[in-house]
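Biologist: Please show me the model. Then I have some questions about it.

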Amino acid sequence: MTLNETDDSCGEVRGEAAIMIRLDDFQGTPEELAEFITPVWKESYQGRMVYPDWTGDFFRWQMRWDAPDSRRHMIAAYDDDRLIATLLGTSFSFRVRSEQIRGSLWSWMSIDPEYRGRGLATLLDRDRVRRLQDEKTDLIVSYRYFGSRHSLAEQPKRSNGRPKKFNRTIGLWIRVLDPWTMGRWALKASEGWMARMSFPLTPVPNPGKLDGCVRPATEQDLPRCVELIREETSGMVLSLDWGLDSLRHQLLGSPLVTTLVFERAGVIEGFVNFHVLDWVGRFAGKVGIFDLIVTGRLESRAALTLMNAALRTMVAKGAILTVKVRAGDVPASLMWRSHFVPKPADSHLILQWVSKNREIPSRSPTHLLWR
Ligand SMILES: CC(C)(COP(=O)(O)OP(=O)(O)OC[C@H]1O[C@@H](n2cnc3c(N)ncnc32)[C@H](O)[C@@H]1OP(=O)(O)O)[C@@H](O)C(=O)NCCC(=O)NCCS
């Protein structure tokens with residue numbers, strides 16, 4: 001089949017019956033989106049590679065479901081009425097040095113196994129670029145996992161040297177919370193064994209004197225949280241440029257999300273933000289994903305108090321491990337003291353410029369979300 005790359009639809013003749021494949025905004029509910037994407041990933045990876053088990057609630061939050069135009073960033077391919085592929089993104093404002101630009105964070109390229117190898121990935125990518133050109137969005141941020149030989153994600157093509165959009169390789173900070181369950185959950189025997197061996201370091205310290213300063217975030221905290229995160233990311237070459245609305249959604253926008261603030265003498269001095277998601281290894285296990293760790297104004301004891309409060313909350317929610325993308329936006333010393341370890345890089349960070357190319361040095365600290 002050849003797909004028509006200049007049009008949103010294309011025809012194919014299969015046997016006697018002609019079928020139409022068209023690209024469109026995704027038409028269904030968050031639950032229907034999850035019911036398509038998660039089984040595609042399950043079929044591709046179960047038993048071979050750990051994959052996340054996304055739910056309707058997750059997509060409702062992540063895609064800002066009810067925001068105007070959110071559907072323009074949920075691209076779907078249909079064969080007649082059958083959903084056969086998706087590519088999803090969320091708009092964000094970014095800062096590149098002192099320049100503010102419109103950008104977007106993308107993931108969930110998922111193609112029904114029956115329709116693979118026919119150029120649909122390229123078609124979805126071109127449609128995305130066309131949509132972003134129309135709305136003058138300049139940057140596409142995404143990741144390609146290479147930590148397993150089973151990963152089907154796009155990899156740099158060796159023949160034409162280093163493709164521009166592959167900015168750097170990137171890894172995770174990882175902290176085991178339940179070594180025995182993680183030991184059984186891990187797909188690789190070596191990882192299970194390492195999780196069990198880490199047991200002396202895994203208990204989260206009990207609350208101390210400063211824990212009285214930690215509490216869940218509220219709407220009233222938002223302006224101060226914006227101030228803190230802007231201060232924390234101000235020197236970075238590339239950073240999400242949080243404002244009141246985007247941070248409100250990130251910190252308080254779903255029952256899936258937890259945000260804890262550290263408040264002393266009536267002033268918020270730092271905050272952390274995470275969500276817990278099932279990842280499927282040998283079975284589904286809960287993983288705490290830190291998105292924001294903002295502790296620049298806290299002395300080390302207070303920063304550790306905030307981190308440990310977050311870890312205890314994750315344990316109470318049943319998490320067996322927790323991760324934070326390692327991009328230079330949190331102090332390594334805080335992560336080590338919270339008993340995180342750096343995992344070797346296992347993903348490519350993709351920075352795809354839609355109109356004007358900007359140079360982002362591959363070693364510069366960045367502040368982004370990991371999806
Ligand atoms: C990864 C997956 C979408 C590829 O589907 P596919 O049908 O084999 O891909 P296609 O044959 O249509 O296209 C492959 C081409 O698209 C490109 N491509 C793949 N993923 C891409 C992406 N996310 N963005 C842009 N281009 C991409 C590849 O570079 C390749 O280019 P080439 O033809 O010049 O070599 C599919 O295997 C899948 O759904 N896997 C499970 C989910 C998954 O792992 N998604 C990837 C997350 S990063």
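Modeller: A polar side-chain atom of Lys157 sits 3.2 Å from an oxygen atom of the ligand, which is a polar contact (a pair of N or O atoms within 3.5 Å). The model is predicted: local features need pLDDT of at least 70, side-chain atom pairs count only at pLDDT 80 or more, and totals for chains, interfaces and linings use all residues. Residues are numbered from 1 along each chain as its sequence is written, and side-chain values use heavy atoms, with hydrogens and water left out.

Biologist: Is Trp193 buried or exposed?

Modeller: Buried means under 20% relative accessible area, exposed over 50%, and partly exposed in between (1.4 Å probe, protein chains only). Trp193 belongs to helix H5 (residues 189–197). Because its relative accessibility is 52%, Trp193 counts as exposed.

Biologist: How many salt bridges does a search of the whole structure find?

Modeller: Side chains of opposite charge can pair when their charged atoms come close. A salt bridge is a side-chain nitrogen of Lys or Arg within 4 Å of a carboxyl oxygen of Asp or Glu. Searching the whole structure gives 29.

Biologist: What separates Asp125 and Arg128 in helix H3?

Modeller: These two form a salt bridge, with the closest N and O atoms of Asp125 and Arg128 2.7 Å apart. Asp125 and Arg128 are both buried. They are 3 residues apart in helix H3, so the separation is about one helical turn.

Biologist: Which residue forms a salt bridge with Arg264?

Modeller: The closest N and O atoms of this pair are 2.9 Å apart, and the partner of Arg264 is Glu299. The pair links distant parts of the chain, 35 residues apart: Arg264 is in strand S11 (residues 257–264), and in the loop between strand S13 (284–294) and helix H8 (300–316) lies Glu299.

Conventions: A polar contact is a pair of N or O atoms within 3.5 Å; within protein, one must be able to donate a hydrogen and the other to accept it, and residues adjacent in sequence count only if both atoms are side-chain atoms. Helices (H or I, at least four residues) and strands (E, at least two) are DSSP runs, numbered from the N terminus.
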